[in-house]
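Trainee: Could we go through this model together and check each label against its rule?
Mentor: Gladly, let's take it step by step.

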Amino acid sequence: MSDLYDEDIVYTSRPSYVSNPWLEPDEHQSNFLTGRELLIANKMPVIVHEASVSNKLKQLFDEVGKEVPKNVYKFHNQASYEHLLQSLTKEENKKIYFQYVHSEDLVSKEDYALNKDVFVALNNKARIPEWTNGKYLPKRQIVEVEEFEAAVRDWEFPFVLKPGDDLPTAGGYGVMICYNQEDLDQAIQRINKAVEETDTIIIEQKIEAIANYCVQFAYSDQLGLKYLGTTEQLTNKYGFYNGNQSVPVEEVPQAVIEAGREIMEIGVEKGFYGVGGFDLLYDKYGDVYAIDLNFRQNGSTSMLLLDDELSGANHKFYSYFADGDNTKFFRTIMKYVRQGKIYPLSYYDGDWYGKDKVNSRFACIWHGSTREEVEQNERAFLKELE
């Protein structure tokens, strides 16, 4: 990451403490996210929660010959996080590269490393046609939230509902896939709770895809546009994120890569720089559909950039959390790291708050010779955690 950003830029992957109807992550999940890019940050300063850089992380990194980066700014709660943002920008003249947009009262527009208006616009789902030159689009309709219930009656199941505004979403939380009336009724309840903060709703055709790809690129003035690679996204039937797995280079359709490149080029023309990852569906007819454009770091970015550190040809990115026994959780993780089956990325030490008061969390990359081997190792790991 330090190859992409100037020395006066600090990175934060934490969502704002001020939630919105479409992004309501647990506080500890948000703190956990701050450690995810530590290894790929290189020399870039990162804002990180203290529980994400405890001695537990050091022990895990020692096993793979890595050091916990020194270039971190630590916080421990909302007040210290928000004070840190303001002291970095106002007293140290730093710019912040955000993973998720924050409010103006915390950080003003001029203190964003990436132009805030550009960042917000590129990540607005309603504006995807602008960033794809009107291509790669499922059938879709954007309606005022007050008119949504009437408009959706004209659609046949299944279809997908998404907020059509500037509010950030993540991990499929803002996506509502409706297969039947019961699903739609639940979606209507969620939308009704969001009417004060959401202006429009997107109704979109559900694509019957044979693969769900995240194709990733990076850009800076110095490096130019660089293709980082493609991973396959794992989701359940309702679109909730279940990790990413590697895809052999020769199996990624060239049409997917070229669509991603075209989208990234448009973003760069608008002023974007950094890492972008685009969720592109591929169907049996060879058509590509852009369902979500993430002009920011993605969960599997680390997996692509750390490829040379990983063994075998099959890799999977995912994260896990303890179920009341942090000691057992850490011990099991360490066992699999030492066996060379897991490559650690981040560890949120729940015991930082006191013994077993908060569940620990762990992000990693599974690596092995075959997909079957990786899946078998993961199943054994989960069984040991029971």
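Trainee: How many helices and strands does the secondary structure of the chain come to?

Mentor: The chain has 12 helices and 16 strands. Helices (H or I, at least four residues) and strands (E, at least two) are DSSP runs, numbered from the N terminus. Keep in mind that this is a predicted model, where local features need pLDDT of at least 70, side-chain atom pairs count only at pLDDT 80 or more, and totals for chains, interfaces and linings use all residues. Residues are numbered from 1 along each chain as its sequence is written, and side-chain values use heavy atoms, with hydrogens and water left out.

Trainee: How do you know whether the radius of gyration of the chain agrees with that of a compact globule?

Mentor: The radius is taken over C-alpha atoms, and the globule rule is 2.2 Å times the number of residues to the power 0.38. For 386 residues that gives a value near 21 Å, and the chain has 21 Å, so the two agree. Along its principal axes the C-alpha trace spans about 55 × 50 × 45 Å.

Trainee: Is Gly260 called buried or exposed, and why?

Mentor: Buried means under 20% relative accessible area, exposed over 50%, partly exposed in between (1.4 Å probe, protein chains only). Gly260 has 0% relative accessibility, so Gly260 counts as buried. This glycine is found in helix H9, residues 254-270. Of the 386 residues of the chain, 58% count as buried.

Trainee: What makes Asp26 and Arg361 a salt bridge?

Mentor: The rule asks for a side-chain nitrogen of Lys or Arg within 4 Å of a carboxyl oxygen of Asp or Glu. The closest N and O atoms of Asp26 and Arg361 are 3.4 Å apart, and the pair forms a salt bridge. Asp26 lies in the loop between S1 and helix H1 (27-33) and Arg361 in strand S16 (residues 361-368), so the pair ties together parts that are 335 residues apart in sequence. Asp26 is partly exposed at 39%, whereas Arg361 is buried at 13%. By this rule the count comes to 19 salt bridges.

Trainee: Which side chain does Arg338 meet in a salt bridge?

Mentor: Arg338 pairs with Glu63, at 3.3 Å from N to O. Arg338 lies in helix H11 (residues 326-338) and Glu63 in helix H3 (residues 55-63), so parts 275 residues apart in sequence are tied together. With a relative accessible area of 58%, Arg338 is exposed, while Glu63, at 36%, is partly exposed.
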